[in-house]
Amino acid sequence: MIGDGIGSNIKKSKLINRRMFIASTAKAVVFFGIIGRLFYLQVEQNKKYLTLSDKNRIRENKLPPVRGEFRDYFGKTIAGNLDVYELHVIPEQVEDFRVLITRVKQILNLSDKNIDNIYKIKNNQKPWETIIISDNLSWNEFSKINYYLYDLPGLKPVITVGRNYPFNESYSHVLGYVAYASQNDLSSNEIINDRHVPGLRVGKNGLEKTFEAELIGTNTIQRFEVNAYGKRINQLEVQNGDKGNSLRISIDTEIQNYTSELLRYEAGSISIMDIYTGEIVAMNSSPSFNPNDFLYGIGSKKWKDLNSNPSKPLINKTISGLYSPGSTIKPIVALSALENNIISPDLKVNCKGHKNPLELYGSKYHCWKKKGHGYMTLSNAIKQSCDTYFYEVSRLLGVDRLNQTARKFGLGNIVLKDFFDNEKKGVVPSTKWKKEAIGQNWYLGETLITGIGQGYIQTTPLQLTLMTAQLANGGNKIYPTIIPDSNKNIELIKNQMENNENLSFPEDYYSLVRNKENVKFVLDAMFRSTNEIYGTSYSSRIEDPKYQFAGKTGTAQVKRITEAERELDLKLEQIPYKERDHAWYIAFGPYKNPRYALTVLVEHGGSGSSVAAPIAKKLFKKIIDRHEEREKIRTNDKLI
Amino acid sequence: MKSYSTFGETSFLQKVRYLDFYLLISIMLLGVISILAMYSTDISDGNFYHSFNHAIRFGVFFVFMVILSFVNIKYYFSLSFPFYVLVLILLVAATFFGTAVSGSQRWINLYFLNLQPSELMKIAIIVFLARYYHRVQPDAVNTIKKFIIPFVILIIPILLVLSQPDLGTSVLIALSGIAVIWLAGINIKYIVYSFLALVISFPFVISMLKPYQKLRILTFINPDRDPLGAGYQIIQSKIAVGSGGLTGKGFLKGTQGYLDFLPEKHTDFIFTLFSEEFGFVGSVLLLILYVIIIFRILIIGSNSRNYFGKFFCYGFGISIFFYISVNMLMVLGMLPIVGSPLPIMSYGGSSMLSVMIALGIVMSTRIYSREIIN
């Protein structure tokens, strides 16, 4: 430091120190910047990053919820659960899909067709969507997969909840069935969307669908801590889900199974109702299908068969089938005429047979009986189901008055409002209806055929059951249901019904008629129809008063009969199946103290008296035998 | 400040008394913290490979540093050119014949240590330039003649390291060199011109960058561009730091680190792990510890009677600030991920060795502060 002198040295030192000072200031600024950044991330945004960190490390495993069960009136399980072992895979989470599938193929002995199918599914969906490799592993296969799981990354063995219907086809139309939730289920039902996990089965039909929200239950959620490679390190917690609510319905399995047996070789419907509580005791539609077939996904061939079967096994005929009621409408026509004071029960009409049919504006109106009934009164006309008599009654009554009475008793309307989404309303015609629906004026001739349950009028079997029940209880309003209500007291209901005639304010069980004697008259005629000689269902009667019932047959034409056909007078076997008449029978019993009403329909079965009434006879035996058991349950609060 | 005079030899004990104990204690404290942090990174691996190695290295290099402290600064002064040349030779060797790891050739295998000469160059450049400017008067600094040599000395290692390729280290070498040149009194406008030249050549430089380096710059601009790819590191690092909160998740309880969400948690992202476990408070305390170290280095520099020591301490003080802030700003998502270790904290022998050598020279400046070098 000698050479350049002291002055320049001071200058150099000053320069260095000045620059160092500037640098230090800059450093301080940067460090404060770092502290500010730390503060922003760790204090200001802590919550956000804490959430992100948890999202990083915590994986939720949602298990399928356990579905509530269905029980019958006596508490017997009619739709239960079973464990189903499935194998799922999410392609996105698999390193080498081809290798994995080959390994799985070896372990499970899958066929090449299965494998092709898996690739097909894979190509048709997003990589993050689950592929169900198998929905029906045996316990052995399931354990085998679990054993090899450590070198099958991405594969997910899943225990899911499947539905089991112990009574196979008996309840198919009432309960419906469950199957994998579709895209449509997810978008139309928020609860399904919320609880959904791959493999979840939801109600597709019937009560399974209607009560989805109650039945579905909540998911069990397992929380795992995973590392950056998705490997589970430990289980943090399990949040147990609740099983869905179980539902008890009013149907008696014994009777329900019996209806299946009775309709085994027929296409048709049976429905039975408690005439006071409105409870459905049995409701069946034939042919049916086995809902257990849907458990592992129904095969496309089976599904095609069900859809193309001309007897329509997928349709619940009891509520969705629309038919001409035929002569089963006559009690209502008679009641309507009496209520409106149109005729006296003594009105006499001469039924002269096919040689001299009733003629109106050039059209001929035949009675079903070739030889004719001769002079008929109202009661006899119901008993023997004389068409000619009812042509006359309905001509005098008019279609609009008939419409009012029929609607009051439940025709042309939904019966089980909150239970089924596929129930049909049917048609009870009126002049106004025709104007609106068809745009034409009403013809008198149409009134005549409406009076014998043909023409525009269309009802479901269940509507006729309700009509019969409301006649049998003396003409009082009831509320059909499929879920039993233990608060309903038969004595109270009966009491209300007996004293509702002159009440100015409406009761729950209000009277549907002006004069209850008119109902009694009709019921008496129905009794005679079944229990007196020449009655249309006389051959199906039961004389034991315990089982004795009253009813009305019906034979509904499915096409207009031509003169030529009338001349031929063909036997049932000679007519093509699809052109045969539908056989109806409506009835209630026991006659002395009625409690149950029912409807039997046999599609293309021929006449009501020869086909439908004998079925009702068998049913009443069963129903009355089960009655005591049923009442025990009703009066025992503690049960179920 | 007391220090022994140049006139006559002083006993070893006296030299020991002239050691800067604040600095020594701070370094030891930092060493302990770094070993604990390294232990935490090892937990998920189930072995203690990194923490064990780190502890051994810290121990050995710390002793080495203390030994270096007692070497007279004159020797460093006279050895500075050869030291630079030696490191440059090593750098050339590493660049052309070295061990390649993940596409970057920057190591020489010395069996006990994988030496990364570019780390040593960070120090060698300061030593060389401090020696160079020791005799240059401020007025002469801005002459072409006195500018060309430092420029060449600086640009050679930068280009070599850049070609390895190692963007982070080359930037830090450049910053260290520029810091000393600037302290020596270079006219600000030269730096401004160089910077402008750099900006103009930027598109050209970009085209020369490796694809992964381009990706890193793009990712820095928008980390969400590719959250599972290149942006992953930044996002995970921010999550780790942010989720630490005010006081942290607790020692050994950082989930981001433990569950392997943090990339390179032993090396460049050690601060992230530390910050997750010790929170804002811990991070600020760590930063304060670094500030104390820098402050002591600058104090030693200001008390040095020779320009070599002064330049070196100031230069290293600024450089270590650059190491720290580049690393922190990087893991906090404010700079692109360029790969730069946090001094002493990060795993890696070469980085620790070069920092310890520098601290040894600083300590020697302290003990021999009255030494006058002609």
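Which residue in strand 9 of chain A does A:Phe224 stand opposite? I looked it up to get started: the residue is A:Gln235.

**Ground rules**

I am working with a predicted model, where local features need pLDDT of at least 70, side-chain atom pairs count only at pLDDT 80 or more, and totals for chains, interfaces and linings use all residues. Residues are numbered from 1 along each chain as its sequence is written, while chains are lettered from A and ligands numbered from 1 in the order in which they are written. My helices (H or I, at least four residues) and strands (E, at least two) are DSSP runs, numbered from the N terminus.

I found an open sheet of three strands in chain A, in the order 1-8-9 and with antiparallel pairing. For pairing, I need DSSP to find at least two bridges between two strands. Strand 1 (58-63) and strand 9 (232-239) each have a single partner strand, so each edge strand has one side without a neighbour in the sheet. From one strand to the next, I noted an average twist of 25°.

I then checked the two pairings. Strand 8 (residues 220-226) of chain A joins strand 9 of chain A over six bridges, and strand 1 of chain A pairs with strand 8 of chain A over six bridges as well.

**Entry: a second sheet in chain A**

Next I followed an open, antiparallel sheet of five strands, in the order 12-11-19-18-17. Here strand 12 (280-286) and strand 17 (550-556) of chain A are at the edges, each with a single partner strand, so one side of each lacks a neighbour in the sheet. The twist averages 10° from one strand to the next. Inside this sheet, I saw seven bridges between strand 11 (residues 268-274) and strand 19 (residues 596-602) of chain A, which run antiparallel. One of the bridge pairs I looked up is A:Asp274 with A:Tyr596.

**Entry: two helices of chain A**

I turned to helix 16 (residues 387-397) and helix 19 (residues 444-451) of chain A, which pack at about 125° with axes 8 Å apart. Axes are lines fitted to C-alpha atoms, for helices over the stretch in contact, and angles run from 0 to 180 degrees between N-to-C directions. The pair is therefore oblique; angles under 35 degrees count as roughly parallel, over 145 as roughly antiparallel, 65 to 115 as roughly perpendicular and the rest as oblique.

The residues that meet include A:Phe390 and A:Tyr391 in helix 16 of chain A, and A:Leu444 and A:Leu448 in helix 19 of chain A. By class, I noted five nonpolar, four polar and one charged. In these classes, Ala, Val, Leu, Ile, Met, Phe, Trp, Tyr, Cys and Pro are nonpolar, Asp, Glu, Lys and Arg are charged, and the others, Gly among them, are polar.

**Entry: where the chains meet**

How many residues of chain A are in contact with chain B? I read 36, and they touch 36 residues of chain B; contact means that C-beta atoms, placed from the backbone, lie within 7 Å. On the chain A side, helix 1 (5-44) and helix 2 (46-57) each give two or more residues. Helix 1 of chain A has the largest share, with 21 residues. I sorted that side into 19 nonpolar, nine polar and eight charged residues.

I also looked at helix 2 of chain A against helix 12 (residues 232-244) of chain B: the angle is about 120° and the axes are 7 Å apart. Among the residues making this contact are A:Tyr49 and A:Leu52, with B:Ile239 and B:Gly242 on the other helix.

Most residues other than glycine have a negative phi, and most peptide bonds are trans. I noted a cis bond from A:Ser286 to A:Pro287, with omega near -5°, and another from A:Gly589 to A:Pro590, with omega near -10°. A:Pro590 lies in the loop between strand 18 (582-589) and strand 19 of chain A.

For positive phi, I found A:Asn341 near 55° and B:Asp260 at about 65°. A:Asn341 is exposed, with 10 other C-beta atoms within 10 Å, whereas B:Asp260 has 16 and counts as partly exposed. The cut-offs are 20 or more other C-beta atoms within 10 Å for buried, 12 or fewer for exposed, and partly exposed in between, with C-beta atoms placed from the backbone.

Key: Contact = placed C-beta atoms within 7 Å.
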